[in-house]
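Me: I'm new to this one and would like to learn how to read its interfaces. Can you walk me through it?

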Amino acid sequence: AAAMSMNADLRRERAAATFQPELLTHILDGGPERTRRRKEIEALVLNDPDFQHEDLNFLSRSQRYEQAIRKSSLMVMKLREYGIADPEEIYWFKSFVHRGRPEPLDLHLGMFLPTLLTQATPEQQDRFFMPAWNLEIIGTYAQTEMGHGTHLRGLETTATYDPSTQEFILNSPTVTSIKWWPGGLGKTSNHAIVLAQLYTQGQCKGLHAFIVPIRQLGTHEPLPGITVGDIGPKFGYDEMDNGYLKMDNYRIPRENMLMKYAQVEPDGTYVKPLSDKLTYGTMVFIRSLIVGDSARSLSRACTIAIRYSAVRHQSELKPGEPEPQILDYQTQQYKLFPLLATAYAFHFVGAYIKDTYHRISGDINEGDLSELPELHALTAGLKAFTSWTANAGIEECRMACGGHGYSRCSGIPDIYVTFTPSCTYEGENTVMMLQTARFLVKSYTQVSSGQQVTGMVSYLNDLSRQRIQPQHVAARTVTVRINDPSSLVEAYKARAARLVEAAAKNLQAELNHRKSKEDAWNRTSVDLVRASEAHCHYVVVKLFTAKLAEVSNAAVRAALTDLCLLYALFGISKNAGDFLQAGILTSAQITQVNQHVKELLAVIRPNAVALVDSFDFHDVHLGSVLGRYDGNVYENMFEWAKKSPLNKTQVHESFHKHLKPMQAKL
Amino acid sequence: SVNPDLASERQTASFSVEKLTALLDGGAEKTRIRRAVVEAIESDPVFSRENQYFQTQNERYEAAVRKAVHLQKKMHELGWTENGSESKYIYRALSGDVAFLLHRVFMRSISVLGSDKQIAKWIPLATQLQVIGSYAQTELGHGTYLQGLETTAVFDIATQEFILNTPKISAMKWWPGDLGRSATHTVAFAQLYIHGKCYGIHPFIVQIRSLQDHSLCPGITAGDIGPKMNFEHIDNGYLLLKNVRVPRENMLSKFCEVRPDGTYVRQGSQKINYFTMTTVRISLIADEVLTPLMKACTIAIRYSAVRRQSKLKPGEQEAKILDYQTQQEKLLPQLAAAYAFHFINDYLQELFDRGYREIKRKNFDMLPELHALSSGFKALVTHHSTAAVEICLRACGGHGYSLLSGLPSLYTKILASCIYEGENTILLLQTARFLIKCFTAASAGHPVPPSVTYLAAVKPGKCPAKSKLDFFSPDIYTEAYQHVAVRLISSTASKLQDLIQSGVKKYDAWNQCTVQLVQAAKAHCHYITVKNFAETVEKLETKAGIQKIMKHLCDLFALHGIFSNTGAFLHDGYISAAQMDMVTASYLDLLAVIRKDAVPLVDAFDFTDKSLNSALGSYDGQVYQRLYEWAQKSPTNEMSPAYEKYLKPLLHNTLSKL
């Protein structure tokens, strides 16, 4: 298409912003230098003709897989050629190459290689690491089975040690034990790290990891005893060959068990690992990535919906005047601006977890695991809280784009289908919320027995002082000032305390007059999830508020403060019942909160486009006709549609095959 | 054989599944006819959807055309007619997977908007599929706001023709189904100009493709708008008109006519036309919303009875995930909503039948109420059901994400219903406008339509419940819903009033209150749904356990609504904090009660396995076996060219040099 100038509406929006978007971009990236480097890498990829291809929306699944494999292999070469080795820079590079989508080497690079590094013995590293680094071995990580996901102890694959041959015999004893879902397993990998129940000397020793060759080097044919394939079409992840793997009396040498920690000696003697808390570290890290991903995915959807809403004109607000931008409708602002605020909130939460992880990972390496349990519990809940919210938010953004949001050209369907599995993988969200709840109840119990707790749950300490008076923990009067973020943090804190206490008491009541612990837990689980949500919500508001103080530029800080207030107040408005029931806020205050939310919408309105520009998504990365930076939406929708597969011929073949014969017969 | 985990669920049903199915169908005879239609369609291999999840957009489209053509033949063979008792079940039996759906809208618009002469000319041609029609209203730049459409039709007296044009890019017709590839004709909506004067939007029959070789007619540019979230089988299209001339007789002229000399004549009442738009909103609820919602519930609940995960009691076998309170709390409210919406749909259908009888007698009094109800309920039901299907999808964990679960396609299809036939927010604001008007009238002592008389009888007070059991009383919760609806409508009305009195312009005041207005409209529709459910239960026969289980579902629907929106009920203290704890307790207690009948309750929806087309939701519960078998049929399991082209060089490897 011919070069077009910027849409006049968007130009006006940008001119009217009260702050410089670049300054906010620097904050999101972690400093101007990081922004510069990110853009440098972005240009490296996007200007590279090797990474160009047809719009993926028009390709079949097989073609998408093919493109992804092609780009991935080039990517690995070029990363090494450019000497890019910093994990975050690799992440950027990969994200630009694959435009934020998954790719078939994800598990090789993200799980297979790192697992070798952390769990393989030096001898095993000699055998496997360099070939894997050079991609002669492509591996995946086969944990999930058809019958079990998050509940790892239920996995059924077996690895039975045979001392006579010094081999493990791997089996998939039931249909449900077939490995199912691992990325890159279906077509790409020739090896897999397989998690299986280890049996030696007649005893089950629990889950252990084994390096299993699955395809013949050279021909890529499945090895005898191995059944492997693709699990078929999915909602998204078209470029990923999620696979299945069935093993029948498949033998691997003893040396293929990852033995840096647990070991099986040649005679079958089992040597236990030192601590199982070590795996927490990896989980915390991956969950922190998902929190960041929630922020990014929601940011992309907001960028598209807000720019499009500034370009689209519809109906009338004032009789006789031109049609207004749909962004001027209060209902549209009410849909989009709280999500924009949420995207910012989650960015800061993601950055916080990552920093905390890096801060304490040094301690972990030195064997100090004291901070891990809380961080582990917190990230489980935040992973669930942010991914649920972002998942719903992306859909709201799409709905806010009306019919055109439904077209693949909007890009939002793709963001949604790519993002939505994060509610399930790396720990199903409800199960994650219950893990956080377990920690909260434990902390509550500690406080009840007179101990102090530290960290994000320290608000529970107030309970012991409260106990002197016979009332709810939160029934103390909190003077809430609805214009002051730090005062709102206190309100959220009180809500969390109240819901944690209510859940803990209900749990105790169940335990008092019944049965098993598990049963009592199950009968309280809806309450427990609510308590976790309230806790996470408090943490998000707290971290967002804390971030404001770090922003030096006054104009940027003002814009972020509006968003922070909107985030906090909107959350109160949506959960008004919790605040009313606990007596934290009065009805009159709730009415004020509702009113103030609407006033903030109008305040944020002039900065809306600048606030999404600050996310700084390149058009190619955004992949949306509706969300283009230049705002030339309609022209480009037409250009895009002309490339549709149904338009390949002027008269579709079904006319000759079906319509014409029928009409001839009548 | 049936998975024992599902078989055991069915043995303990507290009610007769067959009787409940008959209730849903409206009588055992209707069940019989429906099943016969389903059997006839599903036994015919042309209608198979077996490989649907593996097909490309082109293949899906071709299959849909093949099915549409075959259906024509089949109906003739079986003696089914358009107006016969079978016809309403055909679409459900096909799961909507057939082309020429807009062709029906094309025909309906001619029947409703056309003169007798136009009907006589076009309907026989269309019935025989000698012409294939589409309905081109929406443009790139405008959807729900019809006055904004930009296509023009200028009358040329000299040739007695209309000249149609697409004056700018945003005026291009965009989205109409069957337009992209199939249609030979369309009803196009355009701004009518005579002697330079604009007369507003009018419908014109325009030929777009040759009846001989299907090539585009001169002045026409048309094609497919590209891939969407769903509806791969439908060729939603675009259409550009450049000086396309159609004869004067092609303007549909039952209500408006342009005489040969250019005189514009309006005749008859167009109100009946509005009524048609209103009925479409209601008629889509059954096929496009309830069916996918019920299918999603069936799949998710059956799967949850088969899937076992983790242990509830040490030493026992792993528990069915349906036994986890959190899973029940996800799924059972959706099941209750499916029943609630089924009954509200019955209520609306009946109301509209009555309305139609009145309108035929030239009595248009019911129109404003019908319009408000159809808008509000279209929005409420599509919104809730879409959210419900998504919850079902996510409640199935990883396997829900596979297309083979059937859930992704149900979701992507149902969610379009939030937008087509009127975007939901706009529809709710239309309902709100009606409510505010009625509230003002009621406050002034004027009569109001039956569905809103409650606005006249506002009684202050508090919820009288004393124990958690009181919340199983329909009077208690229905009144709570009524109270909230009245409170939200009245407070918004006075807010509007205040703003206007303080000097804010009316339209500005309206925009400033729209968030509240939307909430008020939702509260109204929610109240009517609860009330209707409770009244329906009251009238059900008590035998065969039907009334009892429906009463439980009604309670659950009502209490779930309070539980998930506590703020609205606590706001003015109508429900106290202590009472809200009772609501929560009752609500959670109910989950365990309904849990026992969950599988029979979805069995009663009576979907065949072919119709569900789900590896997770089949009647026999052989989930894992089916998932494994279906996956192996995936085309991706044929040797991929990617290996030879990219993987092989990668593995063998040119990279190690680096």
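Predicted model: local features only at pLDDT ≥ 70, side-chain atom pairs only at ≥ 80, totals over all residues.

Me: Which domains is chain A divided into?

Reply: Chain A has domain 1 (114-272) and domain 2 (285-451 + 486-613). Their centres, taken over C-alpha atoms, lie 37 Å apart. Four residues of domain 1 of chain A and eleven residues of domain 2 of chain A make the contact.

Me: How do I read the size of an interface?

Reply: The size is often given as the accessible area lost when the parts come together. Here, domain 1 and domain 2 of chain A bury about 490 Å² between them, with 70% of it on carbon and sulfur atoms. On the domain 1 side, A:Thr150, A:Phe235 and A:Tyr237 supply 92% of the area buried against domain 2 of chain A.

Me: What about salt bridges and polar contacts between those domains?

Reply: The rule finds zero salt bridges there, and one residue pair in polar contact. The touching side of domain 1 of chain A has two nonpolar, two polar and no charged residues.

Me: How much area is buried between chain B and chain A?

Reply: About 10800 Å², and carbon and sulfur atoms give 61% of that. The contact involves 128 residues of chain B and 128 residues of chain A.

Me: How many salt bridges cross between chain B and chain A?

Reply: Five. One of them joins the side chains of A:Glu428 and B:Lys330, at 3.5 Å from N to O. On the side of chain B that touches chain A, helix H23 (residues 641-651) of chain B gives the largest share, eight residues. By class, that side of chain B has 58 nonpolar, 45 polar and 25 charged residues.

Notes: Residues numbered from 1 in each chain as written. Chains lettered and ligands numbered in written order. Heavy atoms only, no water. Domains from an automatic or database assignment. Contact = heavy atoms within 4.5 Å. Buried area = accessible area lost by both parts, 1.4 Å probe. Salt bridge = Lys/Arg side-chain N within 4 Å of Asp/Glu carboxyl O. Polar contact = N/O pair within 3.5 Å; in protein donor to acceptor, adjacent residues only side chain to side chain. Nonpolar A, V, L, I, M, F, W, Y, C, P; charged D, E, K, R; others polar. Helix = DSSP H or I, 4+ residues; strand = E, 2+ residues; numbered from the N terminus.
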